[in-house]
Each structure stands twice: as structure tokens, then as C-alpha cells.
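Please look over the sequence and the structure below.

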Amino acid sequence: MPVPASKVWVTGLTVGATAAVAVLAVQADKGPHPTAAAARPSASASAGASPAPTKSAGPVAVPDGSGTGARIVYSLGQKRVWLVDASDAARRTFTVWPGTVSPDLGSYTVSSRNEATTGSDGVEIENIVYFAAKSGISIAFSNAVDGSSPPPAEGKQTGGVRMRAADGAALWTFGETGTTVVVVK
């Protein structure tokens with residue numbers, strides 16, 4: 001029986017995304033990329049806003065109850081994202097800086113993507129991956145073009161889940177429209 005074209009297409013996309021994430025991970029292991037060295041936090045970045053590096057002996061495990069198959073897992077409590085492949089293996093995990101509006105726990109899909117724009121906090125952002133909305137606020141993953149972490153929003157409602165530039169590029173490659181996003185505690 002011939003394989004339907006849609007399965008071949010989905011398999012090709014999955015293989016391509018996994019390969020791209022693997023290439024990015026290898027590049028990240030080789031040290032700073034020339035553009036990453038130039039992407040220093042701006043003066044607008046607050047001193048305490050950067051998440052501390054994880055001090056665990058091994059990789060941080062994908063949270064239980066986050067589903068199966070290829071997905072993006074976002075833990076509100078850990079302020080961490082996992083890019084999980086179709087075999088349920090975490091291909092990348094990293095800390096994030098959440099906005100002031102968090103999505104409800106549950107399963108979503110990437111609804112749209114935007115290469116670059118200005119965030120509601122006035123910061124130029126890129127690799128924007130939208131997946132939820134709450135109280136009229138769009139919630140999306142992104143990274144600041146200048147590499148800064150967002151300062152605390154004073155009186156503003158922001159739905160941006162920010163990350164470092166290399167992590168934003170990896171999530172952009174992995175998080176095609178229709179990709180599952182699971183939000184856990």
C-alpha cells in the first residue's frame with residue numbers, strides 16, 4: 001500500500017527540523033558565534049533579570065504529563081522550555097523570561113510566526129512564535145534582537161516569553177505552524 005503524501009511531507013519536515021536543531025546545538029557547543037559575541041545585553045536590561053544557569057549534574061528532564069511526540073514544552077514554574085522530538089527525546093532545553101501574562105496550563109498549537117517586530121515593551125524582537133492568547137494578550141516565544149533580557153514591565157501586560165538569541169533561533173526552526181505547545185506547572 002503506498003504511503004500518503006501527507007505522511008511523507010510531515011516526516012520530511014520532522015527530519016529537517018530535527019537536523020536543523022542538531023546543527024544549532026553543535027554550533028552552540030563550539031562556543032560563541034560571531035553574531036552572538038556582538039549581542040550583549042543592552043543598558044535597558046536589568047541586572048537580576050537573567051536566569052541563572054542550571055546547576056544540575058545532567059540534563060533537566062522533560063516534565064511528566066507533558067504529552068508525547070514532537071512538541072514544545074513550557075514550564076511556568078521552572079521558567080524553562082524543552083524542544084522534544086517525535087521519539088520523546090529532549091533535543092534542547094533552556095531557561096526563559098516570561099512576560100506578565102502567562103498562558104493557562106494545557107495544550108496549544110503554534111498558530112502563526114513572525115520573523116521580526118517591535119515588542120509591546122518597545123524592544124526589537126525576532127523569531128516570534130505565537131501559540132496562545134489570554135485576556136486579549138497574544139502569547140508568543142521570542143528573543144530580543146540586541147540580546148537583552150526584558151526589564152520588569154511596569155504596569156504593562158506583556159505576553160512575550162523571551163529567550164537568548166541562540167535559543168530563539170532553535171525554537172523558530174523547531175516550532176513550525178501547527179506544532180504542539182504544552183504548558184505545564
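Two strands pair if DSSP finds at least two bridges between them. Strands (E, at least two residues) and helices (H or I, at least four) are DSSP runs, numbered from the N terminus. This is a predicted model: local features need pLDDT of at least 70, side-chain atom pairs count only at pLDDT 80 or more, and totals for chains, interfaces and linings use all residues. Residues are numbered from 1 along each chain as its sequence is written, and side-chain values use heavy atoms, with hydrogens and water left out.

**Antiparallel pairs**

| β1 and β2 | β1: residues 71-75 | five bridges |

Start with β2, residues 80-84.

β2 forms a hairpin with β1, with four residues between the strands. Lysine 79 sits in that turn and has a positive phi of about 50°. Arginine 71 has valine 84 of β2 as its bridge partner.

β2 also forms a hairpin with β3, here with five residues between them. In this turn, aspartate 88 has a positive phi of about 70°. Leucine 83 stands opposite arginine 92 in β3.

The loop between β2 and β3 also holds aspartate 85. Is aspartate 85 buried or exposed? Aspartate 85 is buried, at a relative accessible area of 6%. Its side chain makes a polar contact of 2.7 Å with that of serine 87. Such a contact is a pair of N or O atoms within 3.5 Å; within protein, one must be able to donate a hydrogen and the other to accept it, and residues adjacent in sequence count only if both atoms are side-chain atoms.

**The four-stranded sheet**

Four strands form an open sheet, in the order β5-β6-β7-β8, with mixed pairing. β5 (112-118) and β8 (160-163) each have a single partner strand, so one side of each is left without a neighbour in the sheet. From one strand to the next, the twist averages 30°. Helix α3 (residues 165-174) packs on the sheet, touching β5, β6, β7 (137-144) and β8. Contact means heavy atoms within 4.5 Å. The direction of α3 makes about 55° with that of β6. Axes are lines fitted to C-alpha atoms, for helices over the stretch in contact, and angles run from 0 to 180 degrees between N-to-C directions.

Conventions:
Buried means under 20% relative accessible area, exposed over 50%, partly exposed in between (1.4 Å probe, protein chains only).
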